Amino acid sequence: MNELISSRKTVQNDIASHLRELPAETFHKLYREPATCLAVFRLLPQLSKQLVMRMLYLRQPVTTDELQSWCQPTAYSFLENALDHAQRLQFLVQQGDMWHLNTTFREEFQNALTGRGPATSFGSLAEGTDSHSVDVAFLDNYAKTGWESVLQFMVGQRGERNPHPAVLNILEKSGLMERTGLQPADLVITHSGFQFLLQDINSQVWALLLQYLSMVKDLGMEEDDVLNFIFFLSSLELGSAYSTEVLTETQATVLMDMVAFGIVYRRKKKSKRFYPTRLATTLTNGKAAIRQTESEQEGYILLETNYRLYAYTTSELQIAILKLFVDITFRFPTFVMGVITRESIERALKKNITAEQIIQYLTTNAHPLMRKTSPILPLTVVDQIRLWEMDMNRFTVHAARHVWQFPTRDEYETLRNYAKSINGLLACSDTRWWLVIKAESFQSVATYTRRIMEQRRARKSRSALGAAAAAGAAAGAPGSTDADGMH
Amino acid sequence: MAAEEGLIKPRGSSKAGSTGTPSLRGGPSVTTASAVVGSDGDDVSLLIVVLDCAAGAWVPRQSNNHDIGELGTVLDQLCVFLNAFLALNHDNMLALIGAGATTSDFLYPRPAPPDQHLARSTAYQQFFQTNNTLMTGIKNLMDREAANMGNDVDTILHCNLASALSKALCYANRLTKDQPVRTHLLVVSASHDTPAHYVALMNTIFSAQKADIPIDVCKLYGDSVFLQQAAHLTGGVYLGLDDPMGLIQHLMFTFLPPPTVRKHLALPTATRVDFRAACFCHQQIVSEGFVCSVCLSVYCKWRPVCATCKTKFPFPKSTMGGGGVGLAADGGATGAMV
């Protein structure tokens with residue numbers, strides 16, 4: 001079972017969920033930069049954005065009642081969700097019944113909107129003309145070939161030049177590749193690496209950046225400085241040259257690594273100007289990155305209702321990706337043919353690739369002929385892939401505690417009802433009087449038990465409850481033990 | 001109501017008057033469905049702002065004791081609002097159209113002059129460029145107006161909203177043809193109604209209704225009958241303000257949410273809408289008038305032949321006393337103004 005639990009781990013590629021884990025003080029530092037304010041603000045759900053905007057120029061705090069009056073009565077659940085998001089990213093601060101905007105954020109965001117921030121908050125354009133100036137097409141090509149060479153390296157297609165050592169280091173640290181020897185060529189792709197391949201470019205870039213963030217402490221840099229710099233890069237204008245002279249030491253170091261990733265273009269290591277590529281400028285705008293970067297590249301996959309798949313491609317990378325979830329039967333110079341089978345999908349699922357990722361990949365890479373139909377992919381195939389996944393996921397794993405040997409029915413029921421009321425009950429038996437309680441709820445159930453017992457002891461001075469599971473019992477033994485709930 | 005819906009009849013199909021409303025009811029749901037295909041996060045919207053550029057309407061009012069012109073106050077706040085809109089989503093699109101007394105012009109997007117590419121580094125590029133283009137655009141438009149009109153430019157209190165609105169709708173139509181983008185229009189106006197533009201304006205309003213584009217109206221200094229109807233018919237919000245000082249708060253609260261979020265928000269609703277129409281013969285706003293029973297044209301006086309559809313009306317038997325009785329045509333159907 002432990003194996004099952006660990007296999008659920010996926011590559012972290014969502015900046016919003018990463019930010020939610022950060023402590024409040026970090027946000028205080030982050031929101032000192034208008035560029036970061038803007039970028040993080042864009043990560044919010046729509047309704048949260050509206051709430052923040054409404055409060056931006058309000059001088060007094062707002063009560064919960066007032067917030068509710070801003071919304072339709074039918075939208076209260078949306079409101080709660082919106083408030084929760086805004087609160088977790090430290091935009092809104094709740095004090096009792098009052099809500100107010102984070103003061104640092106308010107100030108800097110107002111600066112961003114009115115353009116009154118510190119002189120370099122959105123970059124300092126390089127002065128004079130560049131004798132080696134580059135255009136947007138060049139930058140796109142630079143970013144694309146750079147990124148594809150990384151992906152090709154991952155699937156084992158080694159070109160004449162390996163990716164930058166910094167990139168290789170990150171690929172290895174993030175568990176996308178495993179080292180079998182000392183040479184760069186000794187890196188092999190892992191399960192999560194395959195999963196990584198199916199994601200869109202934006203998620204891939206974030207996955208590497210987040211890994212990079214987790215490593216910067218070892219390099220002697222502060223995470224919030226680096227994060228600020230990444231958000232800063234994302235707010236720059238594509239096709240403009242920016243000056244490196246105003247950058248701090250940390251920023252200059254990070255910039256070198258960003259050049260290695262292809263996020264930033266710099267002609268020479270000592271060049272005084274840098275150009276952000278599309279990988280940088282689309283970091284914080286959701287799905288637009290894929291559409292823009294792949295617009296010149298037409299889709300290549302045809303999928304039929306009989307589960308046959310035809311892919312017009314010569315790219316080894318694309319074929320390698322297809323092989324993850326398709327049984328390739330024929331291969332011709334310009335196209336490959338394969339079948340999607342239960343086995344091929346299960347093989348992919350075992351590598352932690354989700355059905356949604358497969359469907360997403362097929363949809364984004366569908367051939368123009370397929371795009372004319374609606375829905376793009378045949379429904380039978382899509383449904384079947386989802387069903388196969390559900391077959392695999394009949395088990396969910398919860399850490400839990402087993403509580404048994406209740407002396408009286410009354411006590412059993414009191415505890416059962418309490419556990420149910422806090423949504424902590426996984427399973428119970430009314431005939432044999434045992435409960436399975438979620439591990440995270442166990443503490444509160446135990447406290448409750450103790451309180452009830454004391455009350456009764458006070459009343460009857462007679463102890464009643466038997467074994468309400470002392471913590472730390474050995475696994476496998478009966479009593480309070482880690483159990484796997486099945487649902 | 002009948003009179004207004006009928007106005008598109010002379011130009012549109014003959015069925016528009018009667019079937020217009022029900023078919024429109026079905027419209028929004030279809031469009032919404034296709035627009036919300038993506039997740040909540042990547043909801044891109046297009047905002048078109050029509051700004052009243054009639055110089056006379058913006059002359060500083062007596063009530064205000066600060067030096068800055070009213071237009072300056074409004075523009076400063078409008079710029080922040082536009083930036084806020086662009087800040088909502090990286091892909092949000094924006095268009096600005098200035099409506100002068102005689103002409104209307106795109107203020108943004110416009111190809112930026114080459115020398116403008118020197119950006120001020122404290123501002124986000126997109127914000128900076130929008131605001132810059134807007135400011136120069138307005139200045140150009142007003143200079144041109146002044147050149148056309150001579151010295152009495154300050155006395156002009158009317159603006160050509162119909163022309164600006166039709167430009168906005170054409171632009172929206174072009175942009176949204178092949179991408180699912182929800183559009184909303186915002187009219188910021190300070191000038192009076194122009195009854196001469198009544199028919200043209202109503203036609204644009206009905207086109208907006210048909211295209212499911214809400215028209216929001218922010219009307220400064222006094223109410224506008226036509227714009228009230230525009231907001232009401234298209235499902236937009238009408239807001240009348242007397243003082244532009246707190247404009248930004250109103251803009252942020254009421255006009256910023258894109259149509260997809262509005263269903264969750266409590267927005268101001270018009271308690272009373274002035275449904276009066278302007279007559280076709282003298283372009284005056286009338287409370288009671290005569291309505292052609294064939295094409296629903298509105299007249300303030302009885303006439304023997306409908307100027308729009310050339311229907312001949314029989315002479316009334318009694319003398320024409322009070323208004324409110326419609327012209328009888330052929331069959332003798334009657335209609336009354338609301």
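Analyst: In what follows, helices (H or I, at least four residues) and strands (E, at least two) are DSSP runs, numbered from the N terminus. This is a predicted model, in which local features need pLDDT of at least 70 and side-chain atom pairs count only at pLDDT 80 or more, while totals for chains, interfaces and linings use all residues. Residues are numbered from 1 along each chain as its sequence is written, chains are lettered from A and ligands numbered from 1 in the order in which they are written, and side-chain values use heavy atoms, with hydrogens and water left out.

User: How many helices and strands does chain A have, and how many are there in chain B?

Analyst: Chain A comes to 23 helices and 16 strands. Chain B has nine helices and 10 strands. Burial is judged by relative accessible area: buried means under 20%, exposed over 50%, and partly exposed in between (1.4 Å probe, protein chains only). Of the 487 residues of chain A, 49% count as buried; for the 338 residues of chain B, the figure is 52%. A contact means heavy atoms within 4.5 Å. Among contacts with a separation of 6 or more, residues 24 or more positions apart account for 66% in chain A and for 67% in chain B.

User: Where in chain A does the annotated domain lie?

Analyst: An unreviewed UniProt entry carries the annotation "domain: Transcription factor Tfb2 C-terminal", covering residues 383–450 of chain A. UniProt positions are given in the numbering used here, feature names are shortened, and annotations may be inferred rather than shown by experiment. In the model, this span is 51% helix and 22% strand, and its end C-alpha atoms lie 50 Å apart.

User: At what angle do the axes of α5 and α8 of chain A cross?

Analyst: Two packed helices are described by the angle between their axes and the distance between the axes. Here, the axes are lines fitted to C-alpha atoms, for helices over the stretch in contact, and angles run from 0 to 180 degrees between N-to-C directions. The axes of α5 (residues 46–56) and α8 (residues 103–114) of chain A come within 11 Å and cross at roughly 90 degrees. That makes α5(A) roughly perpendicular to α8(A). The classes are roughly parallel under 35 degrees, roughly antiparallel over 145, roughly perpendicular from 65 to 115, and oblique for the rest.

User: Which residues make that contact?

Analyst: On α5(A) they are A:Val52, A:Met53, A:Met55 and A:Leu56, and on α8(A) they are A:Phe105, A:Arg106, A:Phe109, A:Gln110 and A:Leu113. By class, the contact has seven nonpolar, one polar and one charged residues. Ala, Val, Leu, Ile, Met, Phe, Trp, Tyr, Cys and Pro count as nonpolar, Asp, Glu, Lys and Arg as charged, and the others, Gly among them, as polar.

User: How many residues of α8(A) are buried?

Analyst: Nine of its 12 residues are buried, so α8(A) is largely enclosed by the rest of the structure. Among these buried residues are A:Phe105, A:Arg106, A:Phe109, A:Gln110 and A:Leu113.

User: What covers the buried residues of α19(A)?

Analyst: In α19 (residues 355–364) of chain A, the buried residues include A:Ile358, A:Ile359 and A:Leu362. Their cover includes α11 (191–198), β9, β10, α17 (316–322), α18 (342–350) and α21 (379–392) of chain A.

User: Is B:Leu141 buried or exposed, and which residues does B:Leu141 contact?

Analyst: B:Leu141, in helix α4 of chain B, is buried, with a relative accessible area of 2%. Leaving aside neighbours within four places in sequence, B:Leu141 is in contact with B:Cys53, B:Gly98, B:Ala99, B:Gly100, B:Thr103 and B:Asp105. The C-alpha atoms of B:Leu141 and B:Gly100 are separated by 7.3 Å, although the two residues are 41 residues apart along the chain.

User: Which residues does B:Gln249 touch?

Analyst: B:Gln249 lies in helix α8 (residues 247–255) of chain B and touches A:Arg54, A:Tyr57 and A:Leu58, not counting residues up to four places away in sequence. B:Gln249 is buried, with a relative accessible area of 19%.

User: Where do A:Tyr307, A:Trp433 and B:Pro109 lie?

Analyst: Most residues other than glycine have a negative phi, and most peptide bonds are trans. A:Tyr307 is in the loop between β9 (301–303) and β10 (308–311) of chain A; its phi is near 70 degrees, a positive value. A:Tyr307 is partly exposed, with a relative accessible area of 21%. A:Trp433 lies in the loop between β14 (425–429) and β15 (434–438) of chain A, and its phi, near 60 degrees, is positive. A:Trp433 is partly exposed, with a relative accessible area of 22%. B:Pro109 is in the loop between β3 (104–108) and α4 (125–149) of chain B, and a cis peptide bond, with omega about -5 degrees, joins B:Tyr108 and B:Pro109.
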